[in-house]
Amino acid sequence: MTPAVTIPPAPHGIRGEIHLPGDKSISHRAVLFAALATGESCIRGCSLGEDNLRTIQAVQLLGVDITQHDTTVIVRSRGWDAFQPPSDADVTIDCGNSGTTMRLLSGILAGCSFTSRLDGDASLRQRPMRRVIEPLQLMGATIESEGGQHCAPLRIREQNGLLTGITYTSPVASAQVKSAILLAGLHASGRTTVREPERSRDHTERLLPAFGGRLTVQGRTVSVDGGTPLHAQDVDVPGDLSSAAFFIAAALLLPRSELRIRQIGLNPTRTGIVDIFRAMGAQIDIHNAQNVCGEPVGDLVVRSSSLRGIEVDGELVVRAIDELPMLAVAMAFAHGTSVIRGAAELRVKESDRIRALAVALAALGVTVEELPDGLVIIGQGRVHGGTVHSQGDHRVAMALSVAGLGSDEGVVVQEPECIAISFPGYYRLVQEVTGVRLGAG
Ligand code: S3P
């Protein structure tokens, strides 16, 4: 692994047009739903980041046939009932760094007639799994945390017969929790209902009906009827707005920029970052808006903008949850004080993102205060530069690289390779659009 990458300032801005890899959340779901369905599904524009490869490998381990040509993934399945136990001696599926793989699979495996085990890397082993264990146990699943700390590894015992449909009020707004329960609900008797405190991303609700799932949505409540067989479906995955966020921010911060980002997913449960940036003074326009496979999609045109500080919390935090690392960095380049609150979930992501950002921004010369559930950032319109650590977190690494492009002196990012979790070609694309050469360490 490269120990560090040096990101120099990019004085000429970003101009031109880019396409980005497919949406990570939709790609996970497309592969999983296709595996649960009977027949051949073609998923075009699938993300092939390491997290999505974990989901692909997991369903292969369950006996599903998958072939891949470029970013098109063909899934041929005989359906959920034909799944086989993982052939590994200890029936383990390694979910790597991917919380989505682990949580959604736990909902699927909870209803299977064989025992399986879900494990992950050091980061995933620290992430909270009680939020899926408890509702799945209420449905009758036998699922245990091996270490007893409500964390992975998780052992999911064979289920004889159907799970039982429940009505569950989730304490967290989490699409992974909601989706795990709904997927288990497909194999449950009767109806399964999930309520959330805020509306989390709704890709499951949009995509599962295309495969034949019977879902009803009322505000923050989603229900699924058990026992409906799923059938194969082709899916076109839009570009990932969470990956676009780094290029949107770079185009806003760097002078003389005008960037068009083609065919990006603009699902309203995900567009918090666009709304926040616009409220900070960003020039972001949407062109060619259309609907693709039930998801709103469009081109984003972003121009250099002077940003002002802002306070963000509540529903906006949920709608921008994965973009908060990039937002925090952009706030350092804004003029005035910014505050992020109500974002305690950031502490249990791939890293403790509140701590990681507070430490990194301070190392770059930014005045920053860590709150239990967020950050206060004093924007001075510029960032000096320095050496920072990604904490092995892909979104922190990419956000800090954008800080480097906009900085006075450049930024050295330690442990930079983790970007491959969601965006393997990221550094190459940064070099192409900015014209700068990134250096080793
Ligand atoms: C995701 C949901 C979110 C998000 C994650 C992907 C999904 O997590 O942060 O990157 O695909 O369902 P939570 O469900 O924990 O909020």
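The model is predicted: local features need pLDDT of at least 70, side-chain atom pairs count only at pLDDT 80 or more, and totals for chains, interfaces and linings use all residues. Residues are numbered from 1 along each chain as its sequence is written, and side-chain values use heavy atoms, without hydrogens and water.

**Ligand site**
- The ligand sits in the largest pocket. A pocket is an open set of points on a 1 Å grid, with protein on both sides within 12 Å along at least five of seven lines; to sit in it, a molecule needs more than half of its atoms within 2 Å of the grid points.
- Domain 1 (4-22 + 240-440) and domain 2 (24-236) both give residues to the shell, so the ligand lies between them. The bounds come from an automatic or database domain assignment.
- Shell residues (a heavy atom within 4 Å) include Arg 29, Arg 103, Arg 201 and Asp 322.
- The shell holds three nonpolar, four polar and five charged residues.
- Helices α1 (24-36), α3 (99-109) and α5 (175-186) each supply at least two shell residues. Helices are DSSP runs of H or I, at least four residues; strands are runs of E, at least two.

**Polar contacts (N or O pairs within 3.5 Å)**
- The side chain of Ser 25 places an N or O atom 2.7 Å from a ligand oxygen.
- For Lys 349, a polar side-chain atom is 2.7 Å from a ligand oxygen.
- Gln 176 uses a backbone N or O atom, at 2.9 Å from a ligand oxygen.
- The protein buries 94% of the 390 Å² that the ligand exposes when taken alone (Shrake-Rupley, 1.4 Å probe).

**Backbone**
- Ala 152 and Pro 153 are joined by a cis peptide bond, with omega about 0°. Pro 153 is in the loop between β8 (143-145) and β9 (154-156).
- Asp 70 has a positive phi, near 55°. Its loop runs between β4 (65-69) and β5 (72-78).

Technical notes: A polar contact is a pair of N or O atoms within 3.5 Å; within protein, one must be able to donate a hydrogen and the other to accept it, and residues adjacent in sequence count only if both atoms are side-chain atoms. On a 1 Å grid over the protein atoms alone, a cavity is a set of points where a 1.4 Å probe fits but cannot get out, and a pocket is an open set with protein on both sides within 12 Å along at least five of seven lines; lining residues have an atom within 4 Å of a point. Ala, Val, Leu, Ile, Met, Phe, Trp, Tyr, Cys and Pro count as nonpolar, Asp, Glu, Lys and Arg as charged, and the others, Gly among them, as polar.
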